[in-house]
Amino acid sequence: MNIEEFFELSAGKWFAHRTYTDLISKTSEEGKSELIIKSLPIDHPGVIQVCQKYQFDPKQATCSANFYWDDITKLNQKETGSMIIVLIPSTESPLLGKFLHQIPESNVSLHLPGSYKIGEDEALTLYVRVGNTYLEERLWFASPNLRMRVSVAKNAGGVSYTSFTSEIRMSDVTTK
């Protein structure tokens with residue numbers, strides 16, 4: 001599986017159930033959310049903006065998507081948002097590349113792109129550094145309608161949190 005196939009398979013409306021563990025405070029919580037993933041054309045204004053932010057030519061991008069989420073935690077707090085993701089493959093291997101992202105309503109300014117890798121097991125691993133924290137997220141399909149995610153955040157003190165998410169496809173969505 002290459003990155004384009006992974007993202008094509010990811011497009012749709014998903015129900016997600018997440019368990020999050022903060023290893024520093026030794027607390028856990030769980031959350032449920034609805035996730036919508038829509039493919040974006042490379043010439044989409046949001047894709048061009050993300051590429052410009054990271055100083056990449058949009059023509060280098062292989063695929064891009066807009067992620068929308070509507071998250072409800074056990075405490076009945078509701079969080080919604082969206083994020084544009086752009087993937088630029090390495091010239092050395094189609095299984096490696098840069099991971100560009102932008103959360104429109106976020107004030108966080110990230111200056112370094114993340115990276116991605118598709119493993120022999122067809123799992124996608126994303127690597128992102130935010131300040132002094134290093135984030136690693138691994139995603140894979142157990143079946144076409146069941147996707148799994150494991151996330152780990154590391155800093156100078158070691159691992160600070162982990163999470164596991166299972167996502168069940170609810171429906172396909174229009175990709176434009």
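Q: Why is Thr125 called buried in this predicted model?
A: Thr125 has a relative accessible area of 7%. Buried means under 20%, so Thr125 is classed as buried.

Q: Which residues is Thr125 in contact with, leaving aside its neighbours within four places in sequence?
A: They are Ser115, Tyr116, Lys117, Glu136, Glu137 and Arg138. Contact here means heavy atoms within 4.5 Å. Thr125 itself is found in strand S7, residues 124–130.

Q: What makes Ile3, Phe6, Phe7 and Ser10 residues of one side of helix H1?
A: These four residues are buried in H1, which spans residues 3–10. They cover an arc of only 90° around the axis, so they lie on the same side of H1. In general, an α-helix has 3.6 residues a turn, so residues three or four places apart point the same way.

Q: What makes the approach of Asn2 to Glu4 a polar contact?
A: At the start of H1, a side-chain oxygen of Asn2 comes to within 3.1 Å of the backbone nitrogen of Glu4. The cut-off for a pair of N or O atoms is 3.5 Å, and therefore the pair meets it.

Q: Which residues touch the most other members of the largest nonpolar core?
A: Of its 20 residues, these are Ile3, Phe6, Phe7, Phe67, Ile85, Leu87 and Leu124. H1 and strands S2, S3, S4, S6, S7 and S8 each supply at least two residues of this core. Another core, of 10 residues, lies apart from it and includes Cys51, Ile84, Val86 and Ile88.

Notes:
Residues numbered from 1 in each chain as written. Predicted model: local features only at pLDDT ≥ 70, side-chain atom pairs only at ≥ 80, totals over all residues. Heavy atoms only, no water. Buried < 20%, exposed > 50% of the residue type's maximum accessible area, 1.4 Å probe, protein only. Arc of directions from axis to C-beta. Polar contact = N/O pair within 3.5 Å; in protein donor to acceptor, adjacent residues only side chain to side chain. Core = buried A, V, L, I, M, F, W, Y, C linked by side-chain atoms within 4.5 Å.
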